[in-house]
Amino acid sequence: MNCLECNKELSYIDHKNSFDTYGVELCKQHKVRMDKLVVLKGTPVEAIQLYYGLKEIGISSMLEWWDGKKSVDLAISRVKLNIEIDTDYNTISHEQAIMDLEEAMHSFKNGFTTIRIPHVVVKYYLKDTVKNIEGIVEGLKVNIKTL
Ligand SMILES: [Zn+2]
């Protein structure tokens with residue numbers, strides 16, 4: 001197994017450490033970089049899995065992209081798509097729900113599309129999630145062209 005960032009061959013222990021934590025293969029150096037991001041921004045592990053799932057099919061995204069107001073879990077800036085991973089999907093309060101809607105409205109006004117994905121969907125259907133995002137990216141590309 002090789003590091004998904006630098007393609008360096010992984011030792012058993014590096015592979016185990018990275019895979020146990022994130023479910024992806026990263027060398028020691030790149031795992032530390034990810035650890036820092038998680039501590040600093042509270043990045044959900046599902047955002048990291050999605051990031052590498054998209055990378056695998058050639059879609060580059062950015063983790064913890066700063067949109068001027070807040071940090072977005074995952075952004076595909078080429079098509080102005082923001083992806084938020086909902087980690088407490090089952091216990092969403094009405095206050096949170098209206099805040100989410102307001103945020104979606106603001107980003108929409110700025111030409112961004114925001115989709116919210118429950119973390120369990122990434123956990124259990126990573127490949128399908130990646131496929132659907134690929135479709136959304138394709139759709140957005142077409143829309144951008146027609147503008
Ligand atoms: Zn690496």
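Modeller: Let's start at valine 24: apart from neighbours within four places in sequence, its contacts are Leu4, Ser18, Ile48, Gln49 and Tyr52. This is a predicted model, in which local features need pLDDT of at least 70 and side-chain atom pairs count only at pLDDT 80 or more, while totals for chains, interfaces and linings use all residues. Residues are numbered from 1 along each chain as its sequence is written.

Biologist: What makes two residues a contact?

Modeller: Their C-beta atoms, placed from the backbone, must lie within 7 Å. Isoleucine 48, for example, touches Tyr22, Val24, Met34, Thr43 and Leu63, with residues up to four places away in sequence left out.

Biologist: How do you know whether valine 24 is buried or exposed?

Modeller: A residue is buried with 20 or more other C-beta atoms within 10 Å of its own, exposed with 12 or fewer, and partly exposed in between. Valine 24 has 21 other C-beta atoms within 10 Å, so it is buried. Its place is in the loop between α1 (12-22) and α2. In the protein chain, buried residues make up 24% of the 147 residues.

Biologist: What makes a group of residues a nonpolar core, and which residues have the most contacts inside the largest one?

Modeller: Such a core is a set of buried Ala, Val, Leu, Ile, Met, Phe, Trp, Tyr and Cys residues joined through C-beta atoms within 7 Å. The largest has 23 residues, and Leu26, Ala47, Ile48, Leu50, Tyr51, Leu74 and Ala75 have the most contacts inside it. Two or more residues come from each of α3 (45-56), β2 (71-76), β3 (81-86) and α6 (126-146). The largest share, five residues, is from α3.

Biologist: How do you know where this core lies relative to the domains?

Modeller: Domain 1 (1-41) and domain 2 (46-146) both give residues to this core, so it lies between them. Those bounds come from an automatic or database domain assignment. The C-alpha centres of the two domains are 23 Å apart, and their contact takes seven residues from each of domain 1 and domain 2. On the side of domain 1 that touches domain 2, the largest share, three residues, is from helix α2 (residues 28-41).

Biologist: How do you know whether the length of α2 agrees with that of a helix?

Modeller: The expected span is 1.5 Å times one less than the number of residues. For the 14 residues of α2 that gives 20 Å, and the end C-alpha atoms are 20 Å apart, so the two agree. Just after α2, glycine 42 takes a positive phi of about 65 degrees.

How values were computed:
Helix = DSSP H or I, 4+ residues; strand = E, 2+ residues; numbered from the N terminus.
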